[in-house]
Amino acid sequence: PDFILSVEERETMQSGGCPLPSIASGERVGRHSEEEDAAASEEQPAVAGPRRSLNSVGAGVTIAMVSVSLGFSCCENLGYVFFLSPSSAWAEFSTLLVRSMLPIHPLAAAIQSIGVCQRDLEGDETCQLGRIILPSVFLHGCYDFVIMTMGFLDWINKGEEGQDYDDYVDLDDDTSIDWASQLPSIGVGTAFVVAGAVYYVYMSMAQKARLNRLDNERRVVSADDGRSLLV
(Lines give C-alpha, C1' and ligand atoms only; values in the text may rest on other atoms or scores of the structure.)
Protein backbone atom coordinates (compact mmCIF):
# COMPACT_ATOMS: atom_id res chain seq x y z
CA PRO A 1 0.00 0.00 0.00
CA ASP A 2 0.96 3.65 -0.47
CA PHE A 3 0.67 4.38 3.23
CA ILE A 4 0.34 2.54 6.51
CA LEU A 5 -1.69 3.96 9.42
CA SER A 6 -2.20 2.47 12.83
CA VAL A 7 -5.68 2.00 14.31
CA GLU A 8 -5.20 4.97 16.66
CA GLU A 9 -4.22 7.24 13.78
CA ARG A 10 -7.26 6.19 11.76
CA GLU A 11 -9.61 6.85 14.70
CA THR A 12 -8.00 10.23 15.34
CA MET A 13 -8.38 11.30 11.75
CA GLN A 14 -12.03 10.17 11.67
CA SER A 15 -12.91 11.88 14.95
CA GLY A 16 -11.29 15.10 13.86
CA GLY A 17 -13.22 15.19 10.65
CA CYS A 18 -10.16 14.68 8.50
CA PRO A 19 -10.96 12.39 5.58
CA LEU A 20 -8.83 9.38 5.03
CA PRO A 21 -6.65 9.48 1.97
CA SER A 22 -7.88 7.33 -0.81
CA ILE A 23 -5.65 4.74 -2.35
CA ALA A 24 -7.67 4.87 -5.53
CA SER A 25 -7.24 8.62 -5.87
CA GLY A 26 -3.46 8.27 -5.55
CA GLU A 27 -3.11 10.47 -2.44
CA ARG A 28 -0.04 9.88 -0.28
CA VAL A 29 0.60 10.71 3.33
CA GLY A 30 3.71 12.76 4.14
CA ARG A 31 4.55 13.36 0.50
CA HIS A 32 4.71 16.57 -1.53
CA SER A 33 4.21 17.17 -5.18
CA GLU A 34 7.18 17.76 -7.44
CA GLU A 35 6.16 21.41 -7.86
CA GLU A 36 6.18 21.94 -4.09
CA ASP A 37 9.59 20.29 -3.74
CA ALA A 38 11.04 22.45 -6.50
CA ALA A 39 9.61 25.62 -4.99
CA ALA A 40 11.00 24.73 -1.56
CA SER A 41 14.46 24.06 -2.98
CA GLU A 42 14.49 27.43 -4.74
CA GLU A 43 13.55 29.29 -1.57
CA GLN A 44 16.33 27.67 0.49
CA PRO A 45 19.86 29.04 -0.15
CA ALA A 46 22.67 26.62 -0.83
CA VAL A 47 24.57 25.48 2.22
CA ALA A 48 28.05 26.98 2.47
CA GLY A 49 30.80 24.42 2.14
CA PRO A 50 34.57 24.16 1.92
CA ARG A 51 36.21 26.07 -0.88
CA ARG A 52 39.67 26.06 -2.44
CA SER A 53 41.21 29.19 -3.86
CA LEU A 54 42.54 29.28 -7.39
CA ASN A 55 46.04 29.82 -6.03
CA SER A 56 45.70 26.60 -4.05
CA VAL A 57 44.68 24.69 -7.17
CA GLY A 58 47.55 26.28 -9.11
CA ALA A 59 50.05 25.26 -6.44
CA GLY A 60 48.83 21.68 -6.76
CA VAL A 61 49.35 21.79 -10.54
CA THR A 62 52.90 23.09 -10.10
CA ILE A 63 53.79 20.49 -7.48
CA ALA A 64 52.46 17.67 -9.65
CA MET A 65 54.40 18.78 -12.73
CA VAL A 66 57.63 19.34 -10.80
CA SER A 67 57.29 15.90 -9.19
CA VAL A 68 57.05 14.24 -12.60
CA SER A 69 60.10 16.15 -13.85
CA LEU A 70 62.08 15.11 -10.77
CA GLY A 71 61.44 11.47 -11.62
CA PHE A 72 62.72 11.96 -15.15
CA SER A 73 65.72 13.96 -13.91
CA CYS A 74 66.57 11.22 -11.41
CA CYS A 75 66.65 8.56 -14.15
CA GLU A 76 68.80 10.77 -16.38
CA ASN A 77 71.26 11.53 -13.59
CA LEU A 78 71.64 7.84 -12.80
CA GLY A 79 72.61 7.27 -16.42
CA TYR A 80 75.26 9.99 -16.28
CA VAL A 81 76.63 8.79 -12.94
CA PHE A 82 76.90 5.05 -13.64
CA PHE A 83 77.43 4.92 -17.42
CA LEU A 84 79.01 8.21 -18.55
CA SER A 85 81.35 8.95 -15.65
CA PRO A 86 84.73 7.47 -14.72
CA SER A 87 84.36 4.36 -12.60
CA SER A 88 85.42 5.83 -9.29
CA ALA A 89 83.42 6.90 -6.28
CA TRP A 90 84.80 10.45 -6.36
CA ALA A 91 84.01 10.96 -10.05
CA GLU A 92 80.49 9.58 -9.67
CA PHE A 93 79.86 11.72 -6.61
CA SER A 94 81.17 14.84 -8.37
CA THR A 95 78.97 14.20 -11.39
CA LEU A 96 75.91 13.69 -9.22
CA LEU A 97 76.67 16.81 -7.18
CA VAL A 98 77.10 19.03 -10.22
CA ARG A 99 73.96 17.78 -11.93
CA SER A 100 71.97 18.14 -8.72
CA MET A 101 73.06 21.77 -8.47
CA LEU A 102 71.59 22.47 -11.91
CA PRO A 103 67.90 21.40 -11.69
CA ILE A 104 66.99 22.44 -15.21
CA HIS A 105 64.17 19.89 -15.61
CA PRO A 106 62.18 20.83 -12.46
CA LEU A 107 62.64 24.49 -13.34
CA ALA A 108 61.32 23.91 -16.86
CA ALA A 109 58.32 22.03 -15.46
CA ALA A 110 57.56 24.86 -13.02
CA ILE A 111 57.63 27.38 -15.87
CA GLN A 112 55.27 25.19 -17.90
CA SER A 113 52.86 25.00 -14.96
CA ILE A 114 52.34 28.77 -15.25
CA GLY A 115 51.02 28.31 -18.77
CA VAL A 116 48.80 25.40 -17.72
CA CYS A 117 47.27 27.49 -14.91
CA GLN A 118 46.85 30.44 -17.26
CA ARG A 119 44.87 28.26 -19.66
CA ASP A 120 42.84 26.15 -17.23
CA LEU A 121 42.36 28.47 -14.23
CA GLU A 122 42.41 31.92 -15.79
CA GLY A 123 40.47 30.77 -18.85
CA ASP A 124 42.95 32.21 -21.37
CA GLU A 125 42.08 30.35 -24.56
CA THR A 126 45.05 31.87 -26.42
CA CYS A 127 47.49 30.01 -24.14
CA GLN A 128 47.71 26.66 -25.90
CA LEU A 129 50.41 23.98 -26.06
CA GLY A 130 52.91 26.07 -28.01
CA ARG A 131 52.83 29.01 -25.61
CA ILE A 132 52.95 26.66 -22.62
CA ILE A 133 56.14 24.83 -23.59
CA LEU A 134 57.95 27.57 -25.55
CA PRO A 135 59.69 29.29 -22.58
CA SER A 136 60.90 25.95 -21.18
CA VAL A 137 62.07 24.72 -24.59
CA PHE A 138 63.99 27.95 -25.12
CA LEU A 139 65.61 27.76 -21.67
CA HIS A 140 66.56 24.08 -21.90
CA GLY A 141 67.70 24.43 -25.52
CA CYS A 142 70.00 27.36 -24.76
CA TYR A 143 71.33 25.54 -21.71
CA ASP A 144 72.17 22.40 -23.70
CA PHE A 145 73.59 24.35 -26.63
CA VAL A 146 76.02 26.35 -24.51
CA ILE A 147 77.11 23.36 -22.41
CA MET A 148 77.71 21.16 -25.46
CA THR A 149 79.45 23.93 -27.38
CA MET A 150 81.86 24.62 -24.53
CA GLY A 151 82.57 20.90 -24.19
CA PHE A 152 83.22 20.64 -27.92
CA LEU A 153 85.56 23.64 -27.91
CA ASP A 154 87.44 22.17 -24.97
CA TRP A 155 87.79 18.89 -26.87
CA ILE A 156 89.10 20.78 -29.92
CA ASN A 157 91.60 22.60 -27.74
CA LYS A 158 92.87 19.32 -26.30
CA GLY A 159 93.21 17.93 -29.82
CA GLU A 160 95.30 20.87 -30.92
CA GLU A 161 97.60 20.20 -27.99
CA GLY A 162 98.18 16.70 -29.37
CA GLN A 163 96.14 14.89 -26.74
CA ASP A 164 94.14 11.96 -28.11
CA TYR A 165 90.45 11.72 -27.20
CA ASP A 166 90.93 8.26 -25.68
CA ASP A 167 93.56 9.74 -23.36
CA TYR A 168 91.45 12.83 -22.69
CA VAL A 169 88.42 10.85 -21.50
CA ASP A 170 89.24 7.55 -19.89
CA LEU A 171 86.22 6.23 -18.05
CA ASP A 172 88.44 3.93 -16.01
CA ASP A 173 90.61 6.73 -14.63
CA ASP A 174 89.13 9.77 -12.95
CA THR A 175 92.48 11.59 -13.07
CA SER A 176 92.23 11.80 -16.89
CA ILE A 177 89.48 14.41 -16.65
CA ASP A 178 90.55 17.98 -16.05
CA TRP A 179 87.89 19.14 -13.64
CA ALA A 180 89.18 22.72 -13.77
CA SER A 181 88.29 22.87 -17.46
CA GLN A 182 84.70 22.04 -16.59
CA LEU A 183 84.26 25.12 -14.39
CA PRO A 184 83.24 27.45 -17.26
CA SER A 185 80.50 25.02 -18.29
CA ILE A 186 79.30 24.78 -14.71
CA GLY A 187 79.30 28.56 -14.39
CA VAL A 188 77.31 29.06 -17.58
CA GLY A 189 74.84 26.34 -16.58
CA THR A 190 74.37 27.99 -13.20
CA ALA A 191 73.72 31.33 -14.89
CA PHE A 192 70.97 29.79 -17.03
CA VAL A 193 69.38 28.15 -14.01
CA VAL A 194 69.41 31.42 -12.05
CA ALA A 195 67.94 33.30 -15.02
CA GLY A 196 65.19 30.71 -15.36
CA ALA A 197 64.43 30.87 -11.64
CA VAL A 198 64.14 34.67 -11.76
CA TYR A 199 61.79 34.42 -14.74
CA TYR A 200 59.64 31.84 -12.96
CA VAL A 201 59.39 33.90 -9.76
CA TYR A 202 58.40 37.01 -11.72
CA MET A 203 55.75 35.21 -13.77
CA SER A 204 54.47 33.29 -10.76
CA MET A 205 53.96 36.46 -8.70
CA ALA A 206 52.10 38.11 -11.58
CA GLN A 207 49.86 35.06 -11.97
CA LYS A 208 49.21 34.89 -8.24
CA ALA A 209 47.92 38.47 -8.30
CA ARG A 210 45.61 37.66 -11.23
CA LEU A 211 44.25 34.56 -9.48
CA ASN A 212 43.63 36.56 -6.32
CA ARG A 213 41.54 39.04 -8.32
CA LEU A 214 39.55 36.17 -9.83
CA ASP A 215 38.96 34.74 -6.35
CA ASN A 216 37.70 38.12 -5.12
CA GLU A 217 35.33 38.40 -8.08
CA ARG A 218 33.97 34.93 -7.35
CA ARG A 219 33.36 35.88 -3.73
CA VAL A 220 31.37 38.96 -4.78
CA VAL A 221 29.21 36.91 -7.16
CA SER A 222 28.75 34.27 -4.48
CA ALA A 223 27.63 36.85 -1.92
CA ASP A 224 25.16 38.43 -4.36
CA ASP A 225 23.60 35.06 -5.15
CA GLY A 226 23.57 33.97 -1.52
CA ARG A 227 25.40 30.80 -2.43
CA SER A 228 28.83 29.31 -1.98
CA LEU A 229 30.78 28.38 -5.07
CA LEU A 230 32.60 25.11 -4.65
CA VAL A 231 35.78 24.16 -6.50
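Which helix does Phe83 lie in? I looked it up: Phe83 belongs to helix α3, which covers residues 54–83.

**Ground rules.** I am working with a predicted model, where local features need pLDDT of at least 70, side-chain atom pairs count only at pLDDT 80 or more, and totals for chains, interfaces and linings use all residues. I number residues from 1 along each chain as its sequence is written, and side-chain values use heavy atoms, with hydrogens and water left out.

**Fold.** I found eight helices and zero strands in the chain; helices (H or I, at least four residues) and strands (E, at least two) are DSSP runs, numbered from the N terminus.

**Burial.** The chain has 231 residues, and 23% of them count as buried. Buried means under 20% relative accessible area, exposed over 50%, and partly exposed in between (1.4 Å probe, protein chains only). Phe83 is exposed, because its relative accessible area is 64%. Cys142 has 23% relative accessibility, so I noted this cysteine as partly exposed.

**Cysteines.** I searched the whole structure for disulfides (pairs of cysteine sulfur atoms within 2.5 Å) and found zero. Cys127 is in none: its nearest cysteine sulfur, on Cys117, is 9.8 Å away. Cys127 is also buried, as its relative accessible area is 2%.

**Contacts.** I then turned to contacts (heavy atoms within 4.5 Å). Among those in the chain between residues at least 6 apart in sequence, 71% join residues at least 24 apart.

**Surface.** My last entry is the accessible surface of the chain, about 15,400 Å², with 63% belonging to carbon and sulfur atoms. Accessible areas come from the Shrake-Rupley method with a 1.4 Å probe; for residues, only the protein chains shown count as cover.
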